[in-house]
Amino acid sequence: PEGQVIALDAKMSVDDNALYKHPHLVAFREDSDEHAKAAREMGLSYVPLEGNVGCIVNGAGLAMATMDLIKHFGGEPANFLDIGGSSNPEKVSTAMRIILADPEVKAILINIFGGITRCDDVARGMLAAFETLDVRVPVVARLTGTNEKEAQEILSNSDAISPAETMDDAVKLVLEKAK
């Protein structure tokens with residue numbers, strides 16, 4: 001009848017951090033991006049972008065600073081991927097799998113500032129990823145903080161991972177390798 005409004009289509013966004021308050025909304029989630037779904041299931045924050053430098057970082061602030069530095073030196077980040085405060089090696093391996101699924105990625109930068117996150121666990125996750133995945137792009141790693149010496153020792157036998165001491169060095173190196 002005249003004067004009535006009928007909703008034929010609707011879309012809404014709900015902050016994942018608020019879903020525990022409304023668990024009934026989870027059933028309405030549209031999981032068309034399998035990589036975003038895999039990231040969410042592992043507790044990773046992942047947003048695909050349009051660049052060619054894959055980023056694995058811990059902490060949103062460091063992730064934003066890393067992407068800013070990539071842009072500052074003339075590159076384009078391919079994603080925002082925050083592994084969070086946990087250093088579960090499986091999370092790192094999942095992060096690598098997600099990034100490697102992007103055909104535009106020409107190099108990967110792993111930038112970890114370990115506080116809660118243990119650098120040695122991240123290093124173990126990196127090696128696990130190399131054992132199980134077809135890593136066809138160069139990988140640069142800057143691991144600093146908790147257990148960084150152990151991480152350096154773990155990665156010392158890997159020719160596939162290029163170490164960097166500073167963020168500037170890491171970004172410059174990954175951009176050189178992405179060419």
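Me: In what order do the elements of the chain run from the N terminus on?
Reply: The model is a predicted one. Its chain has 6 helices and 6 strands. From the N terminus on, these elements follow the order α-β-β-α-β-α-β-α-β-α-β-α.

Me: What percentage of the residues of the chain count as buried?
Reply: A residue counts as buried when its relative accessible area is under 20%. The C-alpha trace of the chain spans about 75 × 30 × 30 Å along its principal axes. Of the 179 residues of the chain, the buried share is 42%.

Me: Are helix 3 and helix 4 parallel, perpendicular or oblique to each other?
Reply: Two packed helices are described by the angle between their axes and the distance between the axes. For helix 3 (residues 89-100) and helix 4 (residues 119-132), the axes are 7 Å apart and the angle is about 50°. Roughly parallel would need an angle under 35 degrees, and roughly perpendicular one of 65 to 115. Helix 3 and helix 4 are therefore oblique.

Me: Of which classes are the residues in the contact of helix 3 with helix 4?
Reply: Helix 3 passes helix 4 in a right-handed crossing. Helix 3 contributes Pro89, Val92, Ser93 and Met96 to the contact, while helix 4 contributes residues including Val122, Arg124, Met126 and Phe130. By class, the residues of this contact are 8 nonpolar, 3 polar and 2 charged.

Me: Which residues of helix 6 make the contact with helix 2?
Reply: The axes of helix 2 (residues 60-72) and helix 6 (residues 167-178) come within 10 Å and cross at roughly 55°. That angle makes helix 2 oblique to helix 6. On the side of helix 2, the contact is made by Leu62, Ala65, Thr66, Leu69 and Ile70. On the side of helix 6, it is made by Met167, Asp168, Val171 and Leu175.

Me: Which element gives the most residues to the largest nonpolar core?
Reply: This core has 31 residues, of which Ile83, Ile108, Ile110, Met126 and Leu143 touch the most other members. Elements that each supply at least two residues include helix 1 (34-41), strand 4 (107-114) and strand 5 (139-145). The element that gives the most, with 6 residues, is helix 3.

Me: Which residues does Ile110 contact, leaving aside its neighbours within four places in sequence?
Reply: Ile110 is among the residues that touch the most other members of the largest nonpolar core. Leaving aside neighbours within four places in sequence, the contacts of Ile110 are Ile56, Met96, Val122, Met126, Val139, Val140, Ala141, Arg142 and Leu143.

Me: Is Ser45 buried, partly exposed or exposed?
Reply: Ser45 lies in strand 1 (residues 45-48). Leaving aside neighbours within four places in sequence, Ser45 is in contact with Phe80, Leu81 and Asp82. Buried requires a relative accessible area under 20% and exposed one over 50%. With a relative accessible area of 36%, Ser45 is partly exposed.

Me: What is the phi of Asn147?
Reply: Asn147 is placed in the loop between strand 5 and helix 5. At 24% relative accessibility, Asn147 counts as partly exposed. Although Asn147 is not a glycine, its phi is positive, at about 60°.

Conventions: Residues numbered from 1 in each chain as written. Predicted model: local features only at pLDDT ≥ 70, side-chain atom pairs only at ≥ 80, totals over all residues. Heavy atoms only, no water. Axes fitted to C-alpha atoms, helices over the stretch in contact; angles between N-to-C directions. Helix = DSSP H or I, 4+ residues; strand = E, 2+ residues; numbered from the N terminus. Parallel < 35°, antiparallel > 145°, perpendicular 65-115°, else oblique. Left-handed = near helix turned anticlockwise from the far one by under 90°. Contact = heavy atoms within 4.5 Å. Nonpolar A, V, L, I, M, F, W, Y, C, P; charged D, E, K, R; others polar. Core = buried A, V, L, I, M, F, W, Y, C linked by side-chain atoms within 4.5 Å. Buried < 20%, exposed > 50% of the residue type's maximum accessible area, 1.4 Å probe, protein only.
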